[in-house]
Amino acid sequence: MYNAALLRGGLGQYEKSGKNFEVYATSFPTKEDSPKALMLAGEMYERAELNSEANRVYENYLNRSEKLSKEHVVEIMVRNAIVLESLKQGIPPQLKEQIE
């Protein structure tokens with residue numbers, strides 16, 4: 001599934017790639033590369049201009065933050081802020097506090 005997602009992303013099939021990465025991450029949540037797959041799912045949804053899907057995936061990623069490095073959490077918070085801004089939803093107060 002992970003390799004299929006990589007292949008689809010390389011072929012420009014971003015939505016399908018995002019779905020594959022997300023299925024992999026949710027099917028194998030304890031695998032070491034599961035958080036990375038979830039992050040890549042969000043990136044693929046962004047490339048497909050499916051920002052509401054990217055936001056949902058990034059929120060899911062941040063809910064796993066106890067298992068993630070601070071660098072990854074900050075990167076996802078910034079990416080999610082950009083996605084939220086593009087959705088014209090603004091930045092949630094708790095996110096704004098964390099990135100300032």
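His 72 touches Met 39 and Tyr 61, leaving aside residues up to four places away in sequence; contact here means heavy atoms within 4.5 Å. The model is a predicted one, in which local features need pLDDT of at least 70 and side-chain atom pairs count only at pLDDT 80 or more, while totals for chains, interfaces and linings use all residues. Residues are numbered from 1 along each chain as its sequence is written, and side-chain values use heavy atoms, with hydrogens and water left out.

His 72 belongs to helix H5; helices are DSSP runs of H or I with at least four residues, numbered from the N terminus. With 35% relative accessibility, His 72 counts as partly exposed, a class lying between buried (under 20% relative accessible area) and exposed (over 50%), computed with a 1.4 Å probe on protein chains only. From C-alpha to C-alpha, His 72 and Tyr 61 are 9.7 Å apart in space, and they are 11 residues apart in sequence.

Two packed helices are described by the angle between their axes and the distance between the axes. The axes of H4 and H5 (residues 70-86) come within 9 Å and cross at roughly 150°. H4 is therefore roughly antiparallel to H5, a term for angles over 145 degrees. Axes are lines fitted to C-alpha atoms, for helices over the stretch in contact, and angles run from 0 to 180 degrees between N-to-C directions. Residues of H4 in this contact include Ala 54, Tyr 58, Tyr 61 and Leu 62, and those of H5 include His 72, Val 73, Ile 76 and Val 83. By class, the contact of H4 with H5 has nine nonpolar, five polar and two charged residues; Ala, Val, Leu, Ile, Met, Phe, Trp, Tyr, Cys and Pro count as nonpolar, Asp, Glu, Lys and Arg as charged, and the others, Gly among them, as polar.

Glu 49 counts as exposed because its relative accessibility is 68%. Phi of Glu 49 is positive, near 60°, in a residue other than glycine. Most residues other than glycine have a negative phi.

Helix H1 (residues 2-10) has Tyr 2, Ala 5 and Gly 9 as its buried residues. These cover an arc of only 60° around the axis and so lie on the same side of H1, the arc being that of the directions from the helix axis to the C-beta atoms. The buried residues of H1 pack against helix H2 (14-27) and H3, whereas the face turned away from the buried side carries the exposed residues Asn 3, Leu 7 and Gly 10.

Notes. Helices (H or I, at least four residues) and strands (E, at least two) are DSSP runs, numbered from the N terminus. Angles under 35 degrees count as roughly parallel, over 145 as roughly antiparallel, 65 to 115 as roughly perpendicular and the rest as oblique.
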